[in-house]
Amino acid sequence: MPKGSVLVVGGGIAGVQAALDLADSGFLVHLVEKTTAIGGRMSQLDKTFPTNDCSACILSPKLVECGRHLNINLLTLSDLVSLEGEPGNFKAVVHQRPRYVDPTKCIACGLCAEKCPKKVDNEYNLGIGKRKAAYLSFPQAVPLKYAIDPDNCIWLKKPGRCGACAKVCPAGAINFDDKAVDHELEVGSVVLALGFSPYDPSELDFTGYGRLANVITTMEFERYLSPSGPCMGHMERPSDGKEPKRVAWLQCVGSRDINRSCHPYCSSVCCMFAIKQAVIAKEHAHGEFAPSIFFMDMRTHGKGFEEYYNRARENGVSFHRARVHSILPADDEGNLRLRYVNEQGGIEFAEFDMVILSTGLEVDKNTIKLAERLNLELDEDNFIKTDVFNPVATSRPGVFVCGAVAEPKDIPQSVMEASAAALEAGSILAPARWSATAVKEYPLERDIHAEPPRIGVFVCHCGINIASVVDVKAVTEYARTLPDVVFSQDNLFTCSQDTIDQMVNTIKEQNLNRVVVSSCSPRTHEPLFQETLRDAGLNKYVFEMANIRDQDSWVHKNEPEAATVKAMDLTRMAVARVRGEEALPYHTVKVDKSAVVIGGGIGGMTAALSLAEQNFPVTLVEKSAQLGGNANNLFRTWQDDKVQPYLAETIAKVNNHPRIDVQLSCEITEAGGSVGKFTTTLSNGQNLQHGVAVVAVGGKAYSPEGDWQFLYGQNDKVHTLLEIDRMLIDESEDFKATGQAVFIHCVGSRIPERPWCSRVCCTHAIDQAVKLKEMNPDMDIFMLYRDIRTYGQRERLYQKARALGIIFVRYDLDHIPAVSEDSGQLIIKTHDPIVDAEITLQPDLLVLATAIEPQATGSSVAKFFKCAIDAHGFLLEAHMKLRPVDFATDGVYLAGLCHYPKPLEETIAQAKAAAARATIVLSLDEVPAESITAQVDPAKCVGCGVCVEVCAYNAVSMDEDKNISLVNADLCKGCGACVAGCRSDALTLQNIGNEQIMAAVEAAFD
Amino acid sequence: MYATLEGLRRFDIPHKFEVVSIISLYAQWIREGRLKVDPAWNTEGLKFSVQDPCKLVRQSLGDPVADDLRFVIKSVVGEENFIDVWPNKSNNYCCGGGGGALQAGFVDNRRQHGKTKFDQLQDTGADVVITPCHNCHTQVKDICDHFGGKWQTTHLWGWIVKALQR
Amino acid sequence: MSENYNLSKLRTRLKKQIEQAVPEARIDYCLTCGLCASGCPASGIEDMDPRKFLRYLVLGQDDIILQTNWIYSCSLCQRCKYACPMGIDVGRLVYEVKGMRPVEDRPKNLQKSCDLQKAGNSTGIPNDDFVWVVGDILEEIHETEPEWSDLKAPMDKVGAKFYLNQNAKEPTVEPEEMVPLWKILHAVGIDWTYSSKWWDGANYCLFTGDPEDWELTTRLQAETVDDLGCTTYINTE
Ligand code: SF4
Ligand code: SF4
């Protein structure tokens, strides 16, 4: 039997996601992180695009979950040294450097850092500002444990010289004798999520970086914006701390460059990164703010990106299609001057207070060394080499990869790949599932029903976060005076491991039966405290939190007295709520260990195979009479992998798989139930019980019309990309005689009717042009484009196309190419902005790169499973950034073009990710169901039936005999729609009903 | 410099010698103490700036020779009397006299090209601009006269002799 | 009114010619990003800039390229290449185009400087004059500056370690400008020499666009230095 454990290397968002997916689906995970805490690059960001979510806020719960997971063994300050063995049975050596702070004792009070005399450049803030030699990299760090940096610690350099930290540490956690440890780990597979390094522009003297104070990088600016950064989120420029009013971003610094940085690839994320910063900075700014972005091609090719770009333009971000040679000082004040040339060749000058370099992503030097040690192939750009048709597989079997270490990519893409890598890493170990994991055992739950309330209140200092503003001691004293409160205590960090252990004891000793924690946000911390209650033998629902940090100390910094009063108020309200709360049963649903996959294209087939290979039965439903979907018409990928052989092989695998039941010419007519137990009816009358569903209903090519028709369907020299692919598949000889070919990009995309970028068409069109040119080198080929969006390493293809002599001419919406015909001969007139001339072409072939649209079936399937669609008809994931394959509805996942246009390799990754998420459910025997469900008071119910109508989960029905409504607790999601809808006040949600709310409101005015 | 170095390289001309810039030698000799200079003569605090010749710096020896150039000037006129330009060294603006422009005629074009350099030098407020290249010397002097600059355009060697200690 | 280019059949003769002469030209690689034009001090002169220059080549507008006098404003300074993401050396291409000008259509003085150089030095003064001027000035110093009475200006000294060149401008226009250099070399005490055969430090054949001329002048120069047996060639600019 293979080993039931997996090694995940890299604690950024990709590594964290992979670790969680694996641990949740039955494997023990060793998560290796080189720094003192997990979180990676994402933790350094202020906001994330396109949702403008606070990065730390959406990341933090995942980090906390990872840190607390019973089956994730977190190894910080660690590096993978060697890996021997084979898939299923590897031996890994992980070298862990000493922390010099005992994590089991550290209560993260911060005294060591406060007293440490040694100041060091803060690398977490990219060298802006200082930290101490004893430090915590960021406030939400997981583990929340300090560390001592041996390169700078005075004592460690010369024992006996300082030791200030050891003297002040109240927990006795400082251990100067700490030693490095080599862990030998037996694992079945490995996931590498090594991330990237931001390109260092110091070598580009013309940028002035490192010489002009107010020239900084985007990553640095992110720290300036971040509330946990060196300026606490106040936008300041380095030279004089003044708030900059005129800021320029220069794109492609260290990307798309074969001259100075030797990075021929596009870093994919920087365009959106810069736009986001411009938008957010504008929000941060007091008063006027003028952001300008200087770029070559605007690459907003992701979901929601193009609209974000459009909004930014409307809201005063100015965009200049121009690259700037040098950044010049404008005066002695630190202002900067740019001289640039507009598209028509006019010379312009502009002055700025600050210039931000959109520096690209590159592979870290240590990654290159690690790849050498592990015997992994790298590609020409030093990214870890993967397989197009298995985008998370490395050259070494059993070792998988995800995130930016395989190619520059954004967070959602990294998260998708992380789940896909988790699937692959887990799939080969499927027989060993749950063999290495531990199961959490809780003590028997105490029955408190008959007991009078005995409430315990724990008030948190949160280091200095709360205590520097609120008088925590006073709040604690006050809490003890509240009715039914029998115990109160203040803690430096209530969430630190030792305090948690102590809380368990206190609950038992004091015989508490209700608990309130006055601290931070329940979003991140409620699960932790609820589990503490269970560890102490209490039901987890007799618990309340008062957020005296986010809602109090952070927002009332300058009014400490009022903040203390408010903390008392919030605590009193929480006590009032918890008083009436009762133990609730933990509902579960038994899982039907099978899946339904809707859509028989590459996405659907990949998901089906991924699940079937782990022995879960799958029904694959395809509405047409044939498997394969759009891939049936694709010739090759941009890396020259032929699609048809791969497709044929995949179809054969699906058809021959004993666990896949393929239903062709079939659709879904009805679906009900919820995660673990869905019931779906097919158009052939079949009724399926299944635990999960994957929706991969695909997309379709837009059929050119109106302004974008370009004689399509009228002149036989005009084709779409897919039609040309078909001819290439059929080995047509037609192109041998073509003298001139023209491609028009963005046909039907990026216009008001279809405001999204179809993502694949630039690459697809250019690849086709390259293919034609290779077949017939004498052919003149013109590409009429708006922005070339060959993101990531696809940029190499764009370069290749230019090198082959394919000519690119830009057009914009004011100069849409004019296509006419004269006795069948096509005539195209377009405008070249560089020489400001009209160009006349007479091609023998005109190819239209048409938009990708969602299928209409998407929205009906979405409705069956209560999933959302976006304004354009694409299916809407639970969270654009961190849950890219989940729907808000548990147990239903999505993949492929129905989510957003994407190339084959990304569809495959997403389908595998969907399968990974589905696997988590299928690997469990039962899943928790909602405990907080609606209750009907039969005495009040008048049988009007409104609740039946408003319930989106079909959880409410009418008892016809008694004429009152009934709630099926298995189906109820606790959303409260019925409670709000009921005019007779007959419905209520347990523990968050009127009783608790009224008690809290009354307490507020006490 | 470039003509010789690049010529030897491009046409693969056999030769037994190495080519060095006099600037690097000055710097080396000052560092070695073989060339003793003292900026004490500059009692009036004459301010100096410099033109990095494209052919010598960007196209031949890069920043190291530009750093040597600055080292020599500062040693000779006093650290505090040197005002640098921006951009400089390998990223310097061409004076506009190179590439045969001085010999080719098209005087207005040449001066238009040189206007960038003029503005840059004018902004330094320097009294003297050192031009270690004859082309640059002629052009820098011409744009100074033409656009009404106030500086004096000179070679480097004269100042070294001024500071020379024997 | 903007121009209209009929590219029904694209012909790029000039571009191909340049590519043949300069294999590393990479004209096609241009992203039309404008970075070169942003940094080029000659942008805008004659309504041209490095990006446009490339674009005309790509679109086969050879006449415009062959006629523009912008090629004499481009100083071949390579500031464009320095930062161009594709490392395109527009100056290098301009050099080729300069060479494509029939000699009779080239700016007279530039061509003349090169022709003279081929014969010895760019000003065309006889080598004897150079030798005489050096001697004359040296004598004057010996007479007027007693502290420099031992100053030397060696000529054709076989076996000297250093060979020194001298821009032709000094001996012809401002001979006294040679003196400081001699003084410095004397103070340092190095063993150096001029050559009476090949002494000019400039080389205008670099700018006319004819590689044969450039090669010839460089070759003659190299031979001179090797004949003298000098191990170091000091370039005075
Ligand atoms: S900098 Fe290079 S790539 Fe950009 S326009 Fe100029 S030559 Fe083309
Ligand atoms: S080489 Fe010519 S084109 Fe390039 S920056 Fe210099 S002057 Fe401009």
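## Where chains B and C meet

Let's begin with the pairing of chains B and C: 59 residues of chain B touch 63 residues of chain C, where contact means heavy atoms within 4.5 Å. This is a predicted model, in which local features need pLDDT of at least 70 and side-chain atom pairs count only at pLDDT 80 or more, while totals for chains, interfaces and linings use all residues. Residues are numbered from 1 along each chain as its sequence is written, chains are lettered from A and ligands numbered from 1 in the order in which they are written, and side-chain values use heavy atoms, with hydrogens and water left out.

About 5,300 Å² is buried between chain B and chain C, and carbon and sulfur atoms give 62% of that area. Buried area here is the accessible area (1.4 Å probe) that two parts lose on being put together, summed over both. On the side of chain B that touches chain C, the elements that give two or more residues are α1 (2-10), β1 (18-21), α2 (22-32), α3 (57-61), α5 (101-104), α6 (107-124), α7 (134-147) and α8 (157-163) of chain B. Helices (H or I, at least four residues) and strands (E, at least two) are DSSP runs, numbered from the N terminus. The most comes from α1(B), with 7 residues. By type, this side of chain B holds 29 nonpolar, 22 polar and 8 charged residues; Ala, Val, Leu, Ile, Met, Phe, Trp, Tyr, Cys and Pro count as nonpolar, Asp, Glu, Lys and Arg as charged, and the others, Gly among them, as polar.

Polar contacts are found, though: 26 residue pairs across the interface of chain B and chain C, both residues at pLDDT 80 or more. A polar contact is a pair of N or O atoms within 3.5 Å; within protein, one must be able to donate a hydrogen and the other to accept it, and residues adjacent in sequence count only if both atoms are side-chain atoms.

Strands also link these two chains. β1(B) runs parallel to strand β4 (residues 232-235) of chain C, joined by 4 bridges; two strands pair if DSSP finds at least two bridges between them. In this pair, B:Ser21 has C:Asn235 as its bridge partner. Strands of a sheet pair through backbone hydrogen bonds, either parallel or antiparallel.

## A sheet built from chains A and C

Chain C also contributes to an open sheet of 4 strands, in the order β42(A)-β43(A)-β44(A)-β1(C), with mixed pairing. Its edge strands, each pairing on one side only, are β42 (818-822) of chain A and β1 (3-6) of chain C. On average, neighbouring strands of this sheet are turned by 25° against each other, direction ignored. Axes are lines fitted to C-alpha atoms, for helices over the stretch in contact, and angles run from 0 to 180 degrees between N-to-C directions.

Between the chains, strand β44 (residues 837-841) of chain A runs parallel to β1(C), with 4 bridges joining them. Here A:Glu838 stands opposite C:Asn4.

## Inside chain A

Chain A has an open sheet of 5 strands with parallel pairing, in the order β15-β22-β16-β17-β18. Its edges are β15 (215-217) and β18 (318-321). Strand β16 (residues 246-253) is joined to strand β22 (residues 354-359) by 5 bridges, and A:Trp249 is partnered there with A:Ile356. Helix α7 (residues 270-284) of chain A lies across β16, β17 (290-295), β18 and β22, running at about 170° to β16(A).

Some loops deserve a look too. The peptide bond from A:Phe49 to A:Pro50 is cis, with omega near -5°, and A:Pro50 sits in the loop between β3 (47-48) and β4 (53-54) of chain A. The bond from A:Val142 to A:Pro143 is cis as well, with omega near 0°.
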